[in-house]
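Subject: Structure handover

Hello,

Here is the structure I said I would pass on. Please open it alongside this email, so that you can find each residue as you read.

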Amino acid sequence: MKKVLMMMLATTGFSTIANAETLDKITVAGGCYWCVESDFEGVKGVIEAVSGFAGGDVVNPTYKQVTSGGTGHYEAVEVTFDSEIVSRRQLYDFFFRSVDPTDAGGQFCDRGDSYRTAIFVNSDDIADAEAALAGAQNALGQKIVTPILKAEQFYKAHSAHQDYYKKHSLKYGYYRKGCGRDARVAQLWGSAVKH
């Protein structure tokens, strides 16, 4: 497995090959997965961010099924990172400061259940997620509505949704600005913004 992972990293063009033993993953939902993917891929130590769906009860759902409602899924991003460079806790702190964790109805202009925030954890990362949530609540002085949920199956979104911010940078830029994401995050977090 380690050899396959190293070969995969080498063939995907990463200039710094991570030690497979230090690779780890987190899964978060922060509204539009294009934006979450873009944000995390800019973090030092992040190897890859993949857009997809988590938290629902339909096997291998489509984008249309999820955004139409009823599947229980969130638009989510699975983040692979090198734990020697960035810690899980640092990534959770980054996550909270890149979203509006006080909004239970979606994120920014994207409304509905599939656009809510959440952190999906296994037993080994629940303490980091809880500490980051407590830190965010302390920093904001407001109730955080982002749930910490048990990690279950993550379903990768169709290839058209992967790296959307790179493939369609102009459209993505208009969407992100028009949706008010960065403006709201700056208003909410001020100098604590992680962008």
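This is a predicted model: local features need pLDDT of at least 70, side-chain atom pairs count only at pLDDT 80 or more; totals for chains, interfaces and linings use all residues.

The whole chain

The protein chain has 8 helices and 8 strands. Of its 195 residues, 47% are buried. If you take the contacts between residues at least 6 apart in sequence, 73% of them join residues at least 24 apart.

Helices α2 and α7

Start with the packing of α2 and α7, whose axes are 11 Å apart and meet at an angle of about 105°. An angle from 65 to 115 degrees counts as roughly perpendicular, and α2 and α7 are therefore roughly perpendicular to each other. On the α2 side the contact is made by Trp-34, Cys-35, Ser-38 and Asp-39, and on the α7 side by Tyr-172, Tyr-175 and Arg-176. Sorted by type, the residues of this contact are 4 nonpolar, 1 polar and 2 charged.

Aromatic rings

The count of aromatic pairs comes to 8. One of them is Trp-34 with Tyr-175: the ring centres are 5.9 Å apart and the planes stand at 80°, so the pair is edge-to-face. The cut-off behind that step is that planes over 60 degrees apart count as edge-to-face. Trp-34 belongs to helix α2 (residues 33-41) and Tyr-175 to helix α7 (residues 169-179), so this pair links distant parts of the chain, 141 residues apart. Are these two residues buried or exposed? Buried means under 20% relative accessible area. Trp-34 has 16% and therefore counts as buried, whereas Tyr-175 has 22% and is partly exposed.

Tyr-74 and Phe-120 form another edge-to-face pair, with 5.5 Å from centre to centre and 80° between the planes. Tyr-74 is part of strand β3 (residues 74-82) and Phe-120 is part of strand β6 (residues 117-121), so the pair ties together parts that are 46 residues apart in sequence. Both Tyr-74 and Phe-120 are buried.

There is also an aromatic cluster, made up of Tyr-33, Phe-53 and Tyr-63.

Helices α4 and α5

Helix α4 (residues 88-96) packs against helix α5 (residues 126-140) at an angle of about 40°, and the axes are 9 Å apart. The two helices, α4 and α5, are therefore oblique to each other. The crossing of α4 past α5 is right-handed. Which residues of α4 and α5 make the contact? From α4 they are Arg-88, Arg-89, Tyr-92, Asp-93 and Phe-96, and from α5 they are Asp-128, Ala-129, Ala-131, Ala-132, Leu-133 and Ala-136. The residues in this contact of α4 with α5 are 7 nonpolar and 4 charged, with no polar ones.

Two backbone angles

Most residues other than glycine have a negative phi. Asn-60 is not a glycine, yet it has a positive phi of about 50°. You will find Asn-60 in the loop between β2 (46-54) and α3 (63-68). With a relative accessible area of 52%, Asn-60 is exposed.

Asp-163 is not a glycine either, and its phi is positive at about 55°. Asp-163 sits in the loop between β8 (154-156) and α6 (164-167). Its relative accessibility is 25%, so Asp-163 counts as partly exposed.

Regards

Key:
Residues are numbered from 1 along each chain as its sequence is written. Side-chain values use heavy atoms; hydrogens and water are left out. Rings of Phe, Tyr and Trp (its six-membered ring) pair if their centres lie within 6.5 Å; planes under 30 degrees apart count as stacked, over 60 as edge-to-face and the rest as tilted. Helices (H or I, at least four residues) and strands (E, at least two) are DSSP runs, numbered from the N terminus. Buried means under 20% relative accessible area, exposed over 50%, partly exposed in between (1.4 Å probe, protein chains only). Axes are lines fitted to C-alpha atoms, for helices over the stretch in contact, and angles run from 0 to 180 degrees between N-to-C directions. Angles under 35 degrees count as roughly parallel, over 145 as roughly antiparallel, 65 to 115 as roughly perpendicular and the rest as oblique. A crossing is left-handed if the near helix is turned anticlockwise from the far one by less than a right angle, and right-handed if clockwise. Contact means heavy atoms within 4.5 Å. Ala, Val, Leu, Ile, Met, Phe, Trp, Tyr, Cys and Pro count as nonpolar, Asp, Glu, Lys and Arg as charged, and the others, Gly among them, as polar.
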